[in-house]
2 protein chains.
Amino acid sequence: MPRPSEPTRERIVQAANSLFYSEGIRRVSVDEVAAKAGLTKRTLYYHFKSKDDLVAAYLAARDQPNLALFRKWFSETEGGVPVKVEAIFKNLARSARHPKWKGCGFLRTSAELANMPGHPAIRIGAAHKKKFEDWLRATFAEQGIADPLKLARQILLLLDGSFAVVLLHRDASYMETAGEAARTLIETAMMKPRRKRG
Amino acid sequence: MPRPSEPTRERIVQAANSLFYSEGIRRVSVDEVAAKAGLTKRTLYYHFKSKDDLVAAYLAARDQPNLALFRKWFSETEGGVPVKVEAIFKNLARSARHPKWKGCGFLRTSAELANMPGHPAIRIGAAHKKKFEDWLRATFAEQGIADPLKLARQILLLLDGSFAVVLLHRDASYMETAGEAARTLIETAMMKPRRKRG
DNA sequence: TTGTGTATATTCACTGGTTAGTATACATAC
DNA sequence: GTATGTATACTAACCAGTGAATATACACAA
């Protein structure tokens, strides 16, 4: 049944997403992913050439939705940039309190595959974080902040730090603490040598 | 050969440390650890009741040495607290440039075992980070900083964020960026409502 | 000094289960 | 009648944990 041909691959990626994210990549077998998608392993291997390929597809599918969510949280918040960025952390804290939350899929994958530095999935994760960093950098540059890249990286460090710390302690309040730090850093940067305005 | 009885267990933990850190917990088999320690799997299971037990011992062995290193980097640096804390990040960046560096063992373990929230190894990791946080908090409290716990957590977030980001991008300069952010946050906190002095 | 028992420490060989990936055949659509 | 897509059944390797036996050190009795 070739059918529209896309739903199958899509279903596999969704099953992979659900299982890899909640159980870990090495913990989940290809058979389990196939079963969750409602088909056989052999069919899965028709659509993906290897488990590594499937892992890469799993992360690639998380890239745009994640970025869109951050942008949405930013733009739907009233106020200046410091407050809008802090809102991302507050929303993230709310997500992190959900029992099914298990940290950042990109970071957990890079931790699990730390012995395979060139792995495609790690490249996808790195590109994802670079996109976020660049979006922040552009946002800060619009504000006339002196070194927008440095500030963007500092915010990214706080964000990824909160993913790691909250996963370890299962205490989402660290995310709000990170948000405060982010706001402080942005405010400090905006006070200094402004060229445009805030 | 009972012998002093300690070197064997010690050798096993060191072998586990080397393999789990560089390859990942789920990637390394108990047989591999035993082989690296120069004995049989059955002997390993005489000293440890399960692989989970061995994983916990692996992290427990990293706890004190890691903390001692941070304290050493702090105390051997000349200057005020902001500079001394920044020195931790600079030293960490130097470590991270070593090819065998693979991030923070505690964080990587919590990422790999994210589906087992109560795992003993995760508890050990959480306790380790709490010790570091508390040492920072005490240090900041001595400086008369208004909310030393909050500041300590913000520094911790930057530290763990740099572990995660540097592992993903393999770019240790993020650690120096995190150090600058830490210094900024500490300086900002010290400027405000000081009670003692710096 | 010699024999004997017991706790400690180690090995060999095995079990039962899992896993990534494949050879082959079958079905459907156009 | 060929492309696409799916399933059955298999391989070869790996892996956590165990059963049974053995070796050593040492305490104590003869």
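How many residues of chain B are in contact with chain A? 42 residues of chain B contact 42 residues of chain A, contact meaning C-beta atoms, placed from the backbone, within 7 Å.

The model is predicted: local features need pLDDT of at least 70, side-chain atom pairs count only at pLDDT 80 or more, and totals for chains, interfaces and linings use all residues. Residues are numbered from 1 along each chain as its sequence is written, and chains are lettered from A and ligands numbered from 1 in the order in which they are written.

**View 1. The side of chain B that touches chain A.** Helices α1 (6–23), α6 (105–112), α7 (120–142), α8 and α9 (173–191) of chain B each supply at least two residues (helices are DSSP runs of H or I, at least four residues, numbered from the N terminus). The most come from α8(B), with 15 residues. By class, this side has 18 nonpolar, 13 polar and eleven charged residues (nonpolar: Ala, Val, Leu, Ile, Met, Phe, Trp, Tyr, Cys and Pro; charged: Asp, Glu, Lys and Arg; polar: the others, Gly among them).

**View 2. Packing of α8(A) with α8(B).** Helix α8 (residues 148–169) of chain A packs with helix α8 (residues 148–169) of chain B at about 90 degrees, with axes 7 Å apart. Axes are lines fitted to C-alpha atoms over the stretch in contact, and angles run from 0 to 180 degrees between N-to-C directions. The two helices are therefore roughly perpendicular (65 to 115 degrees). Their contact has twelve nonpolar, four polar and two charged residues.

**View 3. Domains of chain A.** Domain 1 (1–48) and domain 2 (62–191) follow an automatic or database domain assignment. Their centres, taken over C-alpha atoms, are 29 Å apart.

How values were computed: Angles under 35 degrees count as roughly parallel, over 145 as roughly antiparallel, 65 to 115 as roughly perpendicular and the rest as oblique. Two residues are in contact if their C-beta atoms, placed from the backbone, lie within 7 Å.
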